[in-house]
Protein chains: 4
Amino acid sequence: MTNKLLVDEMKERVFAANLALPKAELVKLTWGNVSEINREAGLIVIKPSGVSYQTMQMKDMVVTDLNGEVLEKGMKPSSDLATHVELYKAFKEINSVVHTHSKHAVMWAQAGREIPAYGTTHADTFYGVVPCTRQLSSEEVTSAYEEETGKVIVETFNEKKIDPSAVPGVLVYGHGPFTWGKTPQQAVENSIVLDEIAEMACATEVVNDSVMPIPQYLLDKHFFRKHGKNAYYGQS
Amino acid sequence: MTNKLLVDEMKERVFAANLALPKAELVKLTWGNVSEINREAGLIVIKPSGVSYQTMQMKDMVVTDLNGEVLEKGMKPSSDLATHVELYKAFKEINSVVHTHSKHAVMWAQAGREIPAYGTTHADTFYGVVPCTRQLSSEEVTSAYEEETGKVIVETFNEKKIDPSAVPGVLVYGHGPFTWGKTPQQAVENSIVLDEIAEMACATEVVNDSVMPIPQYLLDKHFFRKHGKNAYYGQS
Amino acid sequence: MTNKLLVDEMKERVFAANLALPKAELVKLTWGNVSEINREAGLIVIKPSGVSYQTMQMKDMVVTDLNGEVLEKGMKPSSDLATHVELYKAFKEINSVVHTHSKHAVMWAQAGREIPAYGTTHADTFYGVVPCTRQLSSEEVTSAYEEETGKVIVETFNEKKIDPSAVPGVLVYGHGPFTWGKTPQQAVENSIVLDEIAEMACATEVVNDSVMPIPQYLLDKHFFRKHGKNAYYGQS
Amino acid sequence: MTNKLLVDEMKERVFAANLALPKAELVKLTWGNVSEINREAGLIVIKPSGVSYQTMQMKDMVVTDLNGEVLEKGMKPSSDLATHVELYKAFKEINSVVHTHSKHAVMWAQAGREIPAYGTTHADTFYGVVPCTRQLSSEEVTSAYEEETGKVIVETFNEKKIDPSAVPGVLVYGHGPFTWGKTPQQAVENSIVLDEIAEMACATEVVNDSVMPIPQYLLDKHFFRKHGKNAYYGQS
């Protein structure tokens, strides 16, 4: 496949995935962004910064190298690009990153709490708690903010020994969610699920203020029903 | 009626009922499933596993025998089929089962609480509390999980002496709701009502933290206004 | 105007007002009903019982006399007709009644609490608390339930000395809201406002658990800005 | 540009911005209003009072002078015009004002609380708390209510030393939100953001009842990423 064809296909997927965000009511105005990486071709494609979802076109998607340097003349990339780059560098198995300000995930991020696995809806997609990063320091915010946001996500997964393939999302303290996946569509679906389980978890605590997470064996059952070599959900 | 005609009509109803789930905002992505049984013909028709509601076609509905053994070449049935089979075996008067992860019913399932009958909206459809099962054991989850899910629902109705015709739904602890009915349409409507009363009940407790269920005589009045030989709601 | 023309116009307004309920997301399935009265002509027109909003036609509207006796062959009237009749008998200035199970108004009805006037959104339509009736007794429920529901609403307004023109709605304990107005459209709008202020009031208490109602002078200002001879809101 | 052309363009923007309110689900019925000012031309254009969004036409927009005196024959202006006029007099850098009864902003206004800056979604648009005015006195309400509403907003910004360009919105105690901006579109977007952060802030406190605002350095980073001479969000 020529590089031109490959870039066009990446733009098509990234464009479609970005449009899926307002459709799923995960973003308002120009919020949110989706990117895709192709490590072999050395390319990242990402939403342009601050562009309306109503007027945005496929050709507006911005192409960069693996360090986030823009390769084509055109629009400026999403201001969150450096966060995406950090995640791609550390999480080798992912090919797409999504950032939104979806309201229920943001609530937990603002509350500074990880989301406990209260049910099978959670376990089907996230194998354990969805972690929340520590707060960034003043130095981190005032120096290379977006890059440091990526670094603190990676630090969180390393310190808590969480596998980013098994827990494809995170809450950044005081900010909001990032999710990822093998494809832009999967990464967007993980954002949809994350917001849904965030809403469910909040209300679960309202209904029962001493609720406990589901047991490990149920978490195992549901996650591995959908993921890994013994998965039996779906048609494949 | 030939078996072919009968199967086609079952597929049509099951297909329509499945599509009603995302339309009523009870499911996201590929979540949820509806089945119908015809005991005399020895047939169950159910949604295929993990298929998108946008691309799913009527012919994709999966036909099985009364034990859930697939009878036609084609797609794999919903992974929750074994739960449906258990419910059909125990609850002789029902012809359709619906499973969703509708958010408000899930909240109560995750909280591990039965939904009290706080009002007539509840009583019109559910004659008393909507029960919540006990938690499944590790052995039950790791052996025949979906079948055991059905068994624990039946156990719940037996132990609490609840008539599944009078309370056409349940919460599975840490998981979510199942509802049933005489037809796929009725079973779906019961899922719609269940989610609505789950949301209402949660907020009712927020507005009044010492709220009590409605008295038995009001529960009787509303349920039997719509159900049984003295019903006078509707046109029939 | 001939009686035929008058009935047709009543049916048209009642039909349109009933369809406005699902559009405003105040009802699900076949819930809810709107009626209109013409006292001089001795007629009430009301939604038929248990009919789907998708298939309901204008001609299905049921015509009764002022005691709720059906005057035309056709569908059965809403099972709540007797409640409407009681309200028309007691509240001479109203021409339309609406009943819904709109979720936020139901929450307060189930909680058994009147809705305090926490803001100007409330005061623009309801001049003071929206009252909640006492619970009906077993005798009232088992004898003439729907009629007694009307009677307990009237009792509530009498005992609390509330003018039904100034507070065009009520919560029936453990059941849900009724609203009314000069026209079916106005009565529906009052149901829309009632559900909105019910939702706002619940969350207001979450945000501030010692919140107080607005002062009487602000209640006066907003209500009389829209109502009565010194009103100056709108174009008339 | 002739005065006629200028007025037509103002009407077009004000009309479009008013229609954006129900589309963004910030208003119900005839609630809400948007205006635009042109100080050099001595003109304000505002929504007419109490007109349905479904039937409202561009030509119905009302033209007044800088004191709110109507200049053209036609409809009556929004009853909140005097509030807009006060804001325009005091806040020289704004060209548009929006008033809604959007439910989440109203909840905080009714609770009488300012909205803390709990996250970057807030900080992207509002540089610090969104303040809540004091309660108006009986004298203020009974004399020139709408004008006094404007005055108490200005008083709030003066006393708390808040720059209305940096915090383009306010909650009026017991009433609801006003927002503003350089253009009607921007003022509407600020209303959208205000309602969203109001909802997020309420739930953030539910998830964590001892949550703290984000640190000043993160507030600075996000606000100045989008605003001022060092802004780098967007395409300009």
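Good morning. I begin with two strands of chain C: strand E1, residues 33–38, and strand E2, residues 43–46, run antiparallel and are joined by 4 bridges. Within this pairing, C:Glu36 stands opposite C:Val45 of E2(C). Please keep in mind that what we are viewing is a predicted model.

Helix H1 of chain C, residues 3–23, packs on the sheet and touches E1, E2, E3 and strand E4 (96–99) of chain C. The direction of helix H1 makes about 155° with that of E1(C). Helix H2 of chain C, residues 81–90, also packs on the sheet, where its contacts are E1, E2, E3, E4 and strand E6 (176–181). For helix H2, the angle with the direction of E1(C) is about 40°.

Let us turn to the sheet as a whole. In chain C, 6 strands form an open sheet with antiparallel pairing, in the order E3-E2-E1-E4-E6-E5. Strand E3 (62–64) and strand E5 (169–172) of chain C are at the edges and have a single partner strand each, so one side of each is left without a neighbour in the sheet.

My second topic is the interface. Here, 31 residues of chain C are in contact with 31 residues of chain D. The area buried between chain C and chain D is about 2,800 Å², and carbon and sulfur atoms give 57% of that area. Of the area that chain C buries against chain D, 24% is supplied by C:Val207, C:Tyr217 and C:Gln235, more than by any other three residues.

Finally, there are 5 salt bridges between chain C and chain D. In one salt bridge, the side chains of D:Glu146 and C:Arg225 meet at 2.7 Å, N to O. Thank you.

Conventions
Residues numbered from 1 in each chain as written. Chains lettered and ligands numbered in written order. Predicted model: local features only at pLDDT ≥ 70, side-chain atom pairs only at ≥ 80, totals over all residues. Heavy atoms only, no water. Contact = heavy atoms within 4.5 Å. Buried area = accessible area lost by both parts, 1.4 Å probe. Salt bridge = Lys/Arg side-chain N within 4 Å of Asp/Glu carboxyl O. Pairing = 2+ DSSP bridges. Axes fitted to C-alpha atoms, helices over the stretch in contact; angles between N-to-C directions.
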